[in-house]
Amino acid sequence: MKAIIAEKPSVAREIALLLGAHEKKEGYLSGNGYCVTWALGHLIALGMPEDYGIRGFNKASLPIFPNPFILIPKKLKKAKGYEIDSSAFKQLNTIKQVINQCSSIIVATDAGREGELIFRYIYQYLNCQKPFERLWISSLTEKAIQEGFNKLQPGNAFDSLYEAAKARSEADWLVGINATQALTIAGNQDIYSLGRVQTPTLALICQRFLQHQNFTKQKYFQIQLSHRKEYTDFTSLSLLQWEEKKQSEQIQKSIEREGRAVVEDVSITTVKEQSPLLFDLTELQKEANRKLGLSADEVLQIAQSLYGKKFITYPRTGSKYIPEDLWAEIPELVRILNTNNQFKSAISTLKFGNFNKRIVNDVKVTDHHGLLITTKVPSAISAMEKAIYDMIAYRLLESLSHACTKQVSHIMIKVHHYEFQIKGSTILEKGWRAIKGILSDNENSNNKNEVLTELPEFKIGDELKISKTELLEKVTQPPKLFTEADLLSSMENAGRSIENKEEQKALSNIGIGTPATRASIIETLLSRNYIIRKSKTLHPTDKGLKVYNLVKDKKIANVQMTAEWEIALNRIEQGELKRTQFINDIQDYTTEITNELLSLHIPQENIPQLKCPKCQNHHLIIKEKIVKCPDEQCNWLIFRTICGVLLSITDITLLLTQNKTSLIKNMKSKNGKKFDAYLGLRSDLSIAFE
């Protein structure tokens, strides 16, 4: 018998169906010489400090460097600490039972860094010695799975991938645990969570927010002229900008008196706008955030669902290319789309047998190729799943189209000694822009001010009559607040913001986090109450700004450092760097940041001394999320957030001294309705609404 371990039950069912393992058992399927079981994501995690005998937050214990790291079954956070996840523990025992009755293992967890880690941690935790092979697939179609089983690879071929995954896991533990404990100790036990990737990401959001807040708007003026030539109306705009209105009005009057302009320079160029490449995960998340308003995490969940239903290929990809051997399958994907009326007019612009091969590049395909649809036609999918599927399908068609060719005109004219510019752009060949019929897209265009305008013919020395002048009052604009699309771009291109040109060159294509983890980093910052979504933009909370101001000059917030770690992890994956060397460097870095954070002085809120209403013996501990008695025997506790509103120190004081808060507004009921109420303390010390 062979054991097969998938990452999710849905994938296990697809594999079992193909292999003829139809007999349902508790937590696995069997038959035809196979037992097919599954993990439930990460079943095994690195132990917490208490698993090494370190309880509470103690300055003398820092930094904590486990050697070796202990693996434990996944735990869930409960009111009284962490408890083992019962469903994870049960499935772990099922996997153990399956492995015990089989002679070898086929690894079918997701083909990537995290999928490899999920299996290896289970294998290590169960102290398994049985041989294993690797199923490496980018799609869940029957054909892809069958081909994967025909090309099973030896397990040790992926040792470097596991080493990189393990290094990432241990580095995040070392930095996250030590930094969080150090800042919490410095902050007198107010919990401040920090992390190797989350803190630099928070720094990006806070920096942009503060630049936006502190920006001083300035007025300026430009003069616009209206002209007509060969029955065509067009405008020109002054190159100069004036700060003084009076001065610009005088210039405007002198231009009106002159009444004509002379053509000084004519520049007409033909520009080829290359077709876009396939989506990788980050690009799909950015596009869906801009066009559909979806969060990065929502896009990932929808894409995972489409992958599970076999409608698209593996979504957690960092590549926009396909390998040469996949090119032969592309015409079939186009033919399948052509059976759908929605895509017929787009496909009619493509030339079969003359597709653009720009997406084919073996060197640039990482673990997985760019996102593609599969040969399975979608059915029974939600509106959002359809919207994401359509995006991937249209992007494939665009990538197979040829370049869009434009004629771009820049005409310089002069009135007195003042220069004015006329810009125009004409489409010569629509190319890939014919697929969706969007001929000018400022987001993708190199020239943000480009407008498709056909201009008459100009020659140097031509005179142009000025039919009208207009004084335009404009205002300088602050840097835009981050949308999730903008933040993903900044995370992806973190290396480009580095001032040192040599370092920038080395890090230009390295971001912070990976395509697979960036969405979860944003969600972590939201769950920690460090940032909030306001309409389409991300804003730091007071707490997020407080943390940023504490650590902004510290190494923990250094975007460049995090980008360099990503380079190191890639080198481990390629077998060019030893994991032990990387972890030694991370330990040195952890020692530095721990000492930096412990040395901080964090002023405390004015927290009142309030007696415990239950035991009457102790002063209550007031934290960010809870108010509790320090006596474990008494154990009285209330949560500070009630119906979505955080109780202020003033209201906690009123509740415990006068048994009633002030009127609390905009609380949210379970069905989402807002209400106002007083909170009262009952005789049994529970909280009641009034």
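**Exercises on salt bridges and a helix pair**

Glutamate 23 counts as partly exposed because its relative accessibility is 45% (buried is under 20% relative accessible area, exposed over 50%, partly exposed in between, with a 1.4 Å probe and protein chains only). The model is predicted, so local features need pLDDT of at least 70 and side-chain atom pairs pLDDT 80 or more, while totals for chains, interfaces and linings use all residues. Residues are numbered from 1 along each chain as its sequence is written, and side-chain values use heavy atoms, without hydrogens and water.

**Exercise 1.** Describe the salt bridge of glutamate 23 and the exposure of its partner.

Step 1. The partner is lysine 25, with 3.4 Å from N to O (a salt bridge is a side-chain nitrogen of Lys or Arg within 4 Å of a carboxyl oxygen of Asp or Glu).
Step 2. Lysine 25 has a relative accessible area of 38%, so this residue is partly exposed.
Step 3. In total, the structure holds 43 salt bridges.

**Exercise 2.** Explain how glutamate 116 and arginine 120 are placed in helix α3, and state whether they are buried or exposed.

Step 1. Their closest N and O atoms are 2.9 Å apart, in a salt bridge.
Step 2. Both residues lie in α3 (residues 113-125); they are 4 residues apart, so about one helical turn separates them (helices are DSSP runs of H or I with at least four residues, strands of E with at least two, numbered from the N terminus).
Step 3. Glutamate 116 and arginine 120 are both buried.

**Exercise 3.** Find which parts of the chain the salt bridge of glutamate 398 and lysine 436 ties together.

Step 1. The N to O distance of this salt bridge is 3.9 Å.
Step 2. Glutamate 398 sits in helix α12 (residues 383-400) and lysine 436 in the loop between β16 (418-429) and β17 (463-465), so the pair ties together parts 38 residues apart in sequence.
Step 3. Glutamate 398 is buried at 6% relative accessibility, whereas lysine 436 is partly exposed at 39%.

**Exercise 4.** Name the residues linked in a network of salt bridges.

Step 1. The network links Glu114, Arg168, Asp172, Arg196 and Glu566.

**Exercise 5.** Classify the crossing of helices α5 and α18.

Step 1. The axes of α5 (residues 159-186) and α18 (residues 579-598) come within 9 Å and cross at roughly 10° (axes are lines fitted to C-alpha atoms over the stretch in contact, and angles run from 0 to 180 degrees between N-to-C directions).
Step 2. Therefore α5 is roughly parallel to α18 (under 35 degrees is roughly parallel, over 145 roughly antiparallel, 65 to 115 roughly perpendicular, the rest oblique).
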